[in-house]
Every structure is written in structure tokens, then in C-alpha cells.
Amino acid sequence: MALIPGFNTTLSGMKVAQQQLNIISNNIANADTPGYTKKYASQNNLVLAGVSSGVSLSNVKRTVDENLLKSYLSSNSTSGNYAASDDYLGKVETLLGTPTGDNSIAANVGNLQVAFETFANDVTSASAKYSLLNSAQTISSRLNSISSEIQKLRGDADLNIASAVEEINANLDTLHELNDKIVKYSIMGYDGTANLEDQRDEILRSISEKIDISYFVRDNGSLVLQTKSGVTLLDDEPNYLSHTAISQAGPTTSYAGGEIAGIYVNGKDITSSITDGEIAGLIEIRDSTLPSLQAQLDELAGGLIEAINSAHNMGTSYPAPSSLTGSRSFIDPDRQQIQIQDGDVRFTIYDASGNQVATTSLGGNLGFTQGTLSDMATAIQNWMQSANGPNLPQASVSFNDDGQLVIDTGDSNYSFTIMDQESSAIGSAQQNVTINFAPNGTTNFDRQFSGFSSFFGMNDFFVSSNPESVYDSKVISQGMSLGLNEQVVLGFSSQTLGLNFASITVNPGDSVQDIVNKINENPDLNQTIKASLVPNGDGYMLRIVNTMGESMEICENRLNGDPAPGLISKLGLAPSDALAASSIKVREDITLNPNLIAGGVPEFNSASGEYQLNQSSNATAIKLTEMFSSSMNFGQAGTIGATQTTLANYAATFVGSIASQKSNSESNLQYQQELCSSIETKEATISGVDIDEELGYMIMYQQSYAANAKAFTANKEILDMLMNII
């Protein structure tokens, strides 16, 4: 009977129209729901046994452009990268101040220069001394503070990396759950699959902000997630990321050196393969941007210490001191030797009235031009105690427990000065001597210094609590050829373990990385000495650190008199300024008594043939002032290459560099955010719900439902009539 199929056909039409209206209602209701995409379902002609039996509805699907989604994920990763960088660069810019601002580190250098100039104009002025002391303490505390804040920011960045890793892991769990549901719903033919896919896409958007990702969907509907470099984060099961945040960062703390943990997936370190997203930006900040700035601060602090101390050590305070303690720590004064060339060193003793009591020259009178440090100290002490000299039996010249030279007259009524001269003759012109130093107990003088007092640090203005515990090479390439024709033995010495307590052999053909490996794998060094290749600008530095924080010496071990193989020279390996900014301060006794600031030098009275102290002498003060206008050599430090400039200009350079980086970061972030917004707009055009369009469909399906209902009613009426006839 033909009426029966008609019932089925119209009923299917009504059912499909009702289902379509339900989809439209959901679309309209979720028009403003974030991440919701327009849903639709296709109608199909239902054929049973070759006979059309109405209509059926396919599974509900989404209106999504996968290419646009992938473009958004990529753009969102870059945006997350720039956002992280911009946030931290803003904090750094606030720390440093603007290049022309009164609160910048460059302005602090300028203020110190003015204070030294004022002091040079009147070295007797108490107010000038206190003003100078205040300016010096301001810049040293500012360098300490900025260095501390930089390391705190590095620690914060690492904590944020750990937090981002936790968020990604939580999202991987959610993705895994959604994958299971989508596969199940697809098999069971449930309608909720499309909404679950919307949720999955939102999770992808969230993850892409943290790390660069790619994905593909299997035939069963499950999604496989990878990093852009191909590390699988989700397949059948999640592969979680792991990262242990560092408790506290320091200037020598680095990922390259192993002090900062990597980001791992299944035991594999993927840190270097993360190229975008918030985590990549944080890694860049932690391992490059902030260390670069720290290196520049250390370069400035190191330059400031060297320039001021070299001039200050040439002079004396008025009145002269009765005791001085050097700042340089020696490992074994009984074995380490020095050699004095290009002049002589004059010691002069004065009474309470500033009159000369006795004077001598280290080389000419005392006969010491080469020998151990202890031999030198003994020669000076014997003279000070001698009846033919100052006759100060309580005087002492020795090395303390920290290996520092201490010279003490033993009587506060007697003071002394140290002055380098061009010859041993009394009254000869002031001129720094050359000090050759053999640090490993041989007579191979591998290191050279200018000025006796400067070498020992007897009259430093700035001091640092950082001993020579860190050595850095110049900037080199990772695969640099050492060009050795023979084996070179590098010997290591430290205060606790002594001279040459361990060594490594560097062979022809070895690379810089081989040196790193040999140091770190040597059982005699036992992790007391650690090496790493630290990124610096466009290359790397070989960094060797004494983990005990003690002074150390690194030498090319060879027989006395044999030429140096030149490995240390080729690498440019020397004590580093890596901790200078964090530890610079004004010498403690100067902070307590500004009268200890050196203003002049002993003056020779040709009439009396004696040296005298002049309270108004400003020869040293003038040299201190000149240091600020003199160009200095600064090594490569991060983004700033090796250069020759003044202290103030160098400070202004890296302050300006950060300001420039901040400006570029803002521009890049703004562009990337606009790009993300543009992609979202295009996605909304395709995937979003157009209410007017949906209302049009609603009217159409309402009419379809009504028409099917009328057909159903007509069929029913005809059937009723036939039944009545029967």
C-alpha cells in the first residue's frame, strides 16, 4: 500500500528538519562562545531496497579551515615568544634607566667623574672627599643591585618555564582525554564529536602559546601532537615535559655549564630544539639576553676597578698609612716567584710629622729583582727592622692566611709609601715597574702586570670579594682549531689544594670541546674545577670555574726556560670579570675614613735629598680624573663587541642597547598580535556563527517541517477515509 511509505518519508523529513533546527539553535546560542565553530550536517536521500524512503542526516561536522588554524598556532607561538621577551626587557629597562636619564648607570659613572674632578681641585677638602666617597658607593651599590636583580629575573624566568611546563602537561592530559572520547564517539556514531574537536582546538591554541607545535589527525579522529622539531608530545599516551627550576641564579650560572636544568621529554633534553612560544622567549631571556647584560655590567665594573685602582695605587693618602693589606691572594708565596723590570720600587718611612726617616729601593738597595714572594717580603721586613734602616723592630712584612701581602710598621707614629720609579736613583721620576709573575712555582714568568702596588693591590680604591676563581677565554668558535704541534700540559692550582694539584694533556688535533671534556672528566680535578662553553655574542667562551670560589692559577706546565706552547695565549684564557659587578665595593677602611683616599705622591726635595709628603699634592687625583676621559679596551660582552671607549660611553652603549631591544620587541609583539588578530578574523568569517544566516536556515527548516507535517496529515486523512470505506 503506497500510503505507508509516505508516512515514513514525511516522518523522516520532519525528524531531519527538527534535527537541523536543533543544530541551528546550538549555533545561535553559542555565537559568542570562545572557540565554538559553526556546526552543520548534510542531508542524504534514504534508499531502502532500491526505493526512496525519505531523508537521513549525516554526522554533525564543523566548519573549520585547518590551514588557518595551523597558521594561527604558529603565529600564536611567535606572539608568546615576543610577549615573554617584551615583559622582561621592560623590567630590565626600568633597572638600567634610559640612556639620557639621571637615574641611569651611565649617569652614575658621570657623577663619579665629577666627584673625582672636584676632589682634584682641592684634595684637602673634607666635603670633596665625602662627596667622592658617596658617589663611589652609589655606583658600586647600583652595580651590585642591578646584578642581583638581573640574576633574580633569570631565576624568575626559569620558574616561569617550570610553570609553563606544568601547564603544557595538564593540557596534554586534557588532550588525551578528548582524543579517547572523540575516537569512542566516532565509533558509536554520537553527535558530540564536533564539539569535542572544538575543545581540542582550544587546548592546541593554549599549548601553542607556550611552545611551538605541529599536529596531524589520524583516520580514527585521534590527534598526534609534536613540537616543530619533531618531538612527540602526544600519541597513544602523553609524553610529559619535565624541568626542575633553579633555586638561585648567579653571574656564572648557566645552562651550558650544567647549573641550570634542561627541559626533558622521555629523558631527552629538548631545550635547544624549542624555537618558539613563551618557553623559547624565556630561554632566550634566561640564557642570552640577561647573561649578555650581566657580562656588559661586569665588563664595566672590571674596567672601573682596573682604571681607578691602577691610578690610586700610584699615590698615597695624607697622612700616609702605617699599615696596608693587599687585595690579591697568592696560593703559595713560598714557591711563587716575581721578577721586577723597567725600574725599581722605593719604600719610604715617615715619622708622625711626615718627615723622612729612611728610604730604600727594592732592587738597588735591597738587591731583590727576582725571587719568591716570601723572599721579597723578608727583604723588606729586614730593612724595616734594621738599625741601619727605619729601626722599627715591631715592623712586619708577610703574607696572611688568605695569601695577601701585609706591610705594617708596627707603630702608628710611623707611616710609609710605596712608589715605582724609572730607576733606583733617589729622586728619579715616577714610573710603573713591570712585574713578571711565575704562578706555578717555576721560573717561567707567564703573567705580566704593571706597577708593584697595583700588582699586590696594596692601595686599591675599589675592591671585589671575587678572587680569581673564574677564567674566561676570548670569544671563539665552538669548532676552533687549536693549531698545536705538540702536547700541552695545563696545570691547575688553588689555595686549598696547592700548586699543580692536577693537570690535563691537550693533544694536537684536540678541539676546545675536548678541553672541556678532559677537565670535567679528570678524577684529580674531582669537579673542583669545571669547564664549559658559554655562549657569548656570535661565539662561545671557554669558561673554567673553581667551584670552591677560591683563587686559582692555570698554567702551561713546562721545564724552566722552555718556551710557552702558546695555548693559553691563543685562547686568550685569563681571570674573568664575571663576578665584578656583583661584588664591587669601596675598600672598607676608606668608607670609614675618607682621608685614606690617595690624592698625591711623595715629593722629592732636591735641596734636602729627602722625600716629603705634601697635603696639597694632587698628582694622583689628577690621574684619577684623567682615567674617565681616557679610552679603555673592553672585550666582547654579549651583544656588544670588543671596543675601545670611555667608561661613561661604554655604560651608555649597553643602556642604549637594552632600550633599542625593548623598542624592537614592542614593535615585533604588536605586529605579531595584529597578525594573530587578523587570522582570528579570517577564522571567524569561515568558522564563526552568522546569526542572520542561521535565521535564514531556521525559516527554511521551519517551512520544511511544516510542509512534511502537512504531507503527513494528508496521508493520514486519506488513510482514514479508506479505513472508513472498508
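Reply: Asn500 sits in strand β24, which covers residues 498–506. Strands are DSSP runs of E with at least two residues, helices are runs of H or I with at least four, and both are numbered from the N terminus. This is a predicted model in which local features need pLDDT of at least 70 and side-chain atom pairs need 80 or more, while totals for chains, interfaces and linings use all residues. Residues are numbered from 1 along each chain as its sequence is written, and side-chain values use heavy atoms, without hydrogens or water.

Asn500 is not a glycine, yet its phi is positive, about 50 degrees. Its relative accessibility is 29%, so Asn500 counts as partly exposed. That class lies between buried (under 20% relative accessible area) and exposed (over 50%), computed with a 1.4 Å probe on protein chains only.

Asn266 also has a positive phi, about 55 degrees, and is not a glycine. Asn266 is in the loop between β9 (264–265) and β10 (268–269). With a relative accessible area of 64%, Asn266 is exposed.

Another backbone feature is a cis peptide bond. It joins Tyr318 and Pro319, with omega about -5 degrees. Pro319 belongs to the loop between α6 and β11.

β11 leads on to a sheet. The sheet is open and has three strands, in the order β11-β17-β16, with antiparallel pairing. β11 (323–325) and β16 (396–399) are the edge strands; each has a single partner, so one side of each has no neighbour in the sheet. On average, neighbouring strands here are turned by 5 degrees against each other, direction ignored. Two strands pair if DSSP finds at least two bridges between them. β16 and β17 (residues 405–408) are joined by four bridges, in the antiparallel sense. Ser396 has Asp408 in β17 as its bridge partner.

Helix α7 (residues 373–385) packs on this sheet and touches β16 and β17; its direction makes about 170 degrees with that of β16. Such angles run from 0 to 180 degrees between N-to-C directions, with axes fitted to C-alpha atoms, for helices over the stretch in contact.

Gln381 is part of α7. Beyond its neighbours within four places in sequence, Gln381 contacts Ala395, Ser396 and Val397. Contact means heavy atoms within 4.5 Å. The Gln381 side chain comes to 2.9 Å from the backbone nitrogen of Val397.

Arg447 lies in strand β20 (residues 447–450). Its relative accessible area is 16%, so Arg447 is buried. Leaving out residues up to four places away in sequence, Arg447 touches several residues, among them Arg328, Phe437, Tyr471 and Glu553.

Last comes helix α3 (residues 105–121). Its 17 residues should span 24 Å at 1.5 Å a residue, and its end C-alpha atoms are 25 Å apart, which agrees. The expected span is 1.5 Å times one less than the number of residues. Buried residues of α3 include Ile105, Val109, Leu112, Phe116 and Phe119. The buried residues of α3 pack against several elements, among them α2 (66–96), α4 (126–188) and β21 (462–464).

How values were computed
A polar contact is a pair of N or O atoms within 3.5 Å; within protein, one must be able to donate a hydrogen and the other to accept it, and residues adjacent in sequence count only if both atoms are side-chain atoms.
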